[in-house]
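Reader: I am new to this structure and would like a friendly tour. Could you show it to me before we start?

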Amino acid sequence: MPAGGAILSGWRYTFSSLANRDFRFLWTGMLFMMGGMNMQMVARGLLAWDLTHSYQMMGMISIGFAPPMLIFGMFGGVVADRIDRKRMIQIGQLGMVANAAVIAAAIYTDTITIWYLLAASVFQGTLFAFLMPARQAIIPSIVGDKLMANALALNGMGMSLMTLGAPAVGGIIYAWAGPAAAYDTILGLNAISLIFSAMLPSVIAAGQRRNVLGDLADALKYAGRNRT
């Protein structure tokens, strides 16, 4: 790192945050989580088509992820300021594992229905609304202020990489080996992410807090006042 807290620049500093052990665990866990999530969105849509051959139901399954994100997304950061962020991440990851496991079990027992898939889509969106704010909020506590921008950029890069590549991989597995194999892969990716989240340090936000709605109102007021 440059002396005197100078801004890091140049290719040799591109991956500087990954020198931090805790951030490596967070970042690697994010790769597996985003890989599993994006694969599941593709597999869920393909399975919905196989079950119903209905474009309308495919659309419902695809959009089921969005309403919980819109409704609960604003509360994710408020909750992350109240509990251990590591625990919040672990709870979210455990939910992702359970979500994939239930669908995989339903496929193996031939009890899968379109309503299972719709419930899984809504549940995944709800988990994501709380999981991502906790993952973002823990980054400054892990890497510090000087590396925060670099860490956030690497985090965004990893998410984009998985959003680009994982759906293609998920589609290939589904086409070649079927939905059960696709969900086994998704379950494995989420389980690995859960293991990495167990290696993170515990982080609880310091400072006084109001009630949930009060904190949410403060956040909206800040957004309204801040042009950036």
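Reader: Is His53 buried or exposed?
Author: This is a predicted model, where local features need pLDDT of at least 70, side-chain atom pairs count only at pLDDT 80 or more, and totals for chains, interfaces and linings use all residues. Residues are numbered from 1 along each chain as its sequence is written, and side-chain values use heavy atoms, with hydrogens and water left out. Buried means under 20% relative accessible area, exposed over 50%, and partly exposed in between, using a 1.4 Å probe and protein chains only. His53 has a relative accessible area of 55%, so His53 is exposed.

Reader: Where is His53 found, and what is its phi?
Author: Helices here are DSSP runs (H or I, at least four residues), numbered from the N terminus. His53 is found in the loop between α1 (21-52) and α2 (55-63). Most residues other than glycine have a negative phi. His53 is not a glycine, yet its phi is positive, at about 50°.

Reader: Is Asp110 buried or exposed?
Author: Asp110 is in the loop between α4 (85-108) and α5 (114-143), and its phi is a positive value near 60°. The relative accessibility of Asp110 is 67%, so Asp110 counts as exposed.

Reader: Which residues touch the most other members of the largest nonpolar core?
Author: A nonpolar core is a set of buried Ala, Val, Leu, Ile, Met, Phe, Trp, Tyr and Cys residues joined through side-chain atoms within 4.5 Å. The largest one has 32 residues, and the elements giving two or more residues to this core are α1, α4, α5 and α6 (148-177). Those that touch the most other members are Phe23, Leu26, Met34 and Phe128.

Reader: Are α3 and α5 roughly parallel or roughly antiparallel?
Author: Axes are lines fitted to C-alpha atoms, for helices over the stretch in contact, with angles from 0 to 180 degrees between N-to-C directions. The axes of α3 (residues 66-80) and α5 come within 7 Å and cross at roughly 30°. Angles under 35 degrees count as roughly parallel, over 145 as roughly antiparallel, 65 to 115 as roughly perpendicular and the rest as oblique. α3 and α5 are therefore roughly parallel.

Reader: Is Ser141 buried or partly exposed?
Author: Ser141 is found in helix α5. Leaving aside neighbours within four places in sequence, Ser141 is in contact (heavy atoms within 4.5 Å) with Arg85 and Val203. Its relative accessibility is 44%, so Ser141 counts as partly exposed.
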